Amino acid sequence: MLKPQHLLTLRAAVRSGSFVIAARELGYTASAISQQISALEKETGLTLFEREAHGIRATAAAHRLVDLGTPVLAALDDLDHQVRELATGATGRLRLGSFPTAGVRLVPPALSALAKTRPRAQIQLEEGEPDELVAALNDGDLDVALVYEYGLSPRQWPDNLTCHHLAREDLVLLRARDSGLSARLAGLSQARWITSREGTAGALTLVRLCAAAGFEATVAFRSNNYDVVRELVSAGLGVAVVPALGHSPGEAVEATRLTQHGAMRRVMALHRAENTNPLLDTMVSALRSAVPEGEPYVHPAPAEEPRDGG
């Protein structure tokens with residue numbers, strides 16, 4: 001098989017008409033150029049140069065081989081350029097997983113920021129709950145996953161995952177405006193409640209918050225979609241506790257931050273410690289920058305060293 005370096009050497013020698021000049025251009029000795037040409041002649045069975053007393057003369061076969069090799073060398077040069085871009089994250093693919101709330105509030109601005117610096121990067125987005133996303137990370141189906149944990153329902157992530165804290169959300173109590181209902185949990189023992197699916201961390205957190213306030217919540221509706229929860233509240237069908245990113249201020253709903261111990265949710269990005277995707281650090285930085293600053297009840301995490309998941 002022909003060696004690309006030999007084709008480069010041939011092209012330089014044909015263009016310059018001199019092994020000495022070709023050696024100077026390529027950073028070799030004239031002897032090394034002569035040896036490469038001899039090896040190419042042996043490989044091809046062609047006579048590429050007529051050696052004369054005062055120089056060399058390229059044969060018709062040499063000129064033809066240069067013509068044939070030009071698109072090959074151009075393709076190799078393009079391949080080299082694309083590999084360098086892939087290695088630096090200028091191009092490539094990253095598979096991002098997110099839970100629904102972050103998919104609405106954090107992912108769009110993060111991808112917009114990423115597109116400005118890596119416009120040719122391809123991002124594949126998947127949605128799921130933390131257990132599903134962690135399983136996909138461990139299976140190699142995702143590069144990064146946005147997950148959460150409630151203060152009253154802490155999680156342990158697998159030891160092989162690196163964890164980047166992005167934000168802390170306060171939990172807020174939602175009531176229909178002008179409902180006359182108390183802004184304190186202790187005053188809502190007779191209220192109807194709207195919460196997430198039974199068995200979820202959000203539903204468990206509500207149980208523990210209400211138990212600490214001295215009562216058991218009467219759940220009227222369940223939905224994992226915070227838009228649905230908010231609309232049910234605005235219609236006067238109950239009250240709810242949601243994380244801050246799950247609430248969009250509106251005239252029909254009044255939000256009050258809960259001050260009870262553990263009334264918060266942490267948002268973090270996880271990835272496998274051994275993942276070498278060159279887009280990984282850029283994606284985590286974009287996610288961190290997407291956390292809103294100055295928004296009530298949402299607190300960006302301070303810059304920190306990533307830690308193991310466990």
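With which side chain does the side chain of Ser196 make a polar contact? The partner is Thr200, at 2.7 Å; a polar contact here is a pair of N or O atoms within 3.5 Å, where within protein one must be able to donate a hydrogen and the other to accept it, and residues adjacent in sequence count only if both atoms are side-chain atoms. This is a predicted model, with local features needing pLDDT of at least 70 and side-chain atom pairs counting only at pLDDT 80 or more, while totals for chains, interfaces and linings use all residues. Residues are numbered from 1 along each chain as its sequence is written, and side-chain values use heavy atoms, with hydrogens and water left out.

Now for the overall picture. The protein has 10 helices and 13 strands, taken as DSSP runs (H or I, at least four residues, for helices; E, at least two, for strands) and numbered from the N terminus. Its radius of gyration is 32 Å, well over the 19 Å that the globule rule gives for 310 residues, so the protein is more spread out than a compact globule. That radius is taken over C-alpha atoms, and the rule is 2.2 Å times the number of residues to the power 0.38. The C-alpha trace spans about 110 × 40 × 30 Å along its principal axes. Of the 310 residues, 44% are buried, meaning under 20% relative accessible area with a 1.4 Å probe, protein chains only. As for contacts (heavy atoms within 4.5 Å), 74% of those between residues at least 6 apart in sequence join residues at least 24 apart.

Back to Ser196, which sits in the loop between β7 (192-195) and α8 (201-212). With 9% relative accessibility, Ser196 counts as buried. Apart from neighbours within four places in sequence, Ser196 is in contact with Gly202, Ala203, Arg222, Ser223 and Asn224.

Elsewhere, helix α10 (residues 280-290) has buried residues at Leu280, Thr282, Met283, Val284, Ala286, Leu287 and Ala290. They pack against β3 (93-98), α6 (107-117), β5 (144-150), β6 (161-176) and β11 (264-272).

Leaving out residues up to four places away in sequence, Val267 touches Phe99, Leu106, Leu146, Val147, Tyr148, His164, His165, Leu166, Ala167, Glu169 and Leu245. The C-alpha atoms of Val267 and Val14 are separated by 63 Å, with the two residues 253 apart along the chain.

Terms used. Buried means under 20% relative accessible area, exposed over 50%, partly exposed in between (1.4 Å probe, protein chains only).
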